[in-house]
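This report looks at a sheet, the helices beside it and the charged side chains around them. Please have the sequence and the model open while reading.

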Amino acid sequence: MIKRFIHIVLLSCLVMCAVFPGFAQKTASGQPNIVESIIASSDSTITIDIPDALLKELLPGTQAPARKLKRNVERQRRPGIVSGYRIQIFADGRNQTTLQARARARANAVLSRFPEFRHQVYSFSKAPNWYTRVGNFATREEAQAALAKLRRAFPSFSREIRIVKSDVVVNH
């Protein structure tokens, strides 16, 4: 409930700045107001300085209010995951009732012909589409070589097969 109240106060300040441009100026004491305290730096870090007096007013009974709240909004990378390439072998949003089955059938067809892709087949849904991608390629050249093999092996859907940028798993 307190977080919600703080969000409402911050949102109100931002709205006031948009409606009344003079609202964002410094206070009479020369201190920057809360709107000026919101700083978005180029490294995707947002820092909010909230004066102790305001924190005590908003959160009575707190012993030592935090001076700064920081949150990194940049996507966190997981260990062993790097930017690379995968080969998309299925992407479709038509006929919703059979999409998952068709995506998995395409994956099974590739696995039966190319067992080296075992544990490297990824079927997932982003509504309304289903996708199936294979491989964990660090370079585009590696992906290009595998793409050529897949297109030769599956001429019936070779025009649908393409390379896509993706976060991939690196084996150490």
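A residue is called buried when its relative accessible area is under 20%, exposed when it is over 50%, and partly exposed in between, with a 1.4 Å probe and protein chains only. By that rule aspartate 92 is buried, because its relative accessible area is 8%. The model is a predicted one, in which local features need pLDDT of at least 70 and side-chain atom pairs count only at pLDDT 80 or more, whereas totals for chains, interfaces and linings use all residues. Residues are numbered from 1 along each chain as its sequence is written, and side-chain values use heavy atoms, with hydrogens and water left out.

Helices (H or I, at least four residues) and strands (E, at least two) are DSSP runs numbered from the N terminus, and two strands pair if DSSP finds at least two bridges between them. Four strands build an open, antiparallel sheet in the order β5-β6-β4-β7. Its edges are β5 (121-126) and β7 (162-169), each of which pairs on one side only.

Strand β4 (residues 81-92) contains tyrosine 85, and six bridges join β4 to the antiparallel strand β6 (residues 129-137). Within β6, phenylalanine 137 is the bridge partner of tyrosine 85. Tyrosine 85 is buried, with a relative accessible area of 15%, and its contacts (heavy atoms within 4.5 Å), not counting residues up to four places away in sequence, include Phe137, Ala143 and Val164. Alanine 143 lies 58 residues from tyrosine 85 in sequence, yet the two are 6.5 Å apart in space, C-alpha to C-alpha.

A salt bridge is a side-chain nitrogen of Lys or Arg within 4 Å of a carboxyl oxygen of Asp or Glu, and a search of the whole structure finds three.

| Side-chain pair | N to O distance |
|---|---|
| arginine 94 and aspartate 92 | 3.2 Å |
| aspartate 92 and arginine 102 | 3.0 Å |
| arginine 106 and glutamate 160 | 3.3 Å |

Arginine 106 lies in helix α3 and glutamate 160 in the loop between α4 and β7, so this pair ties together parts that are 54 residues apart in sequence. Arginine 106 is buried, with a relative accessible area of 15%, while glutamate 160, at 40%, counts as partly exposed. Salt bridges with shared partners join Asp92, Arg94 and Arg102 into one network.
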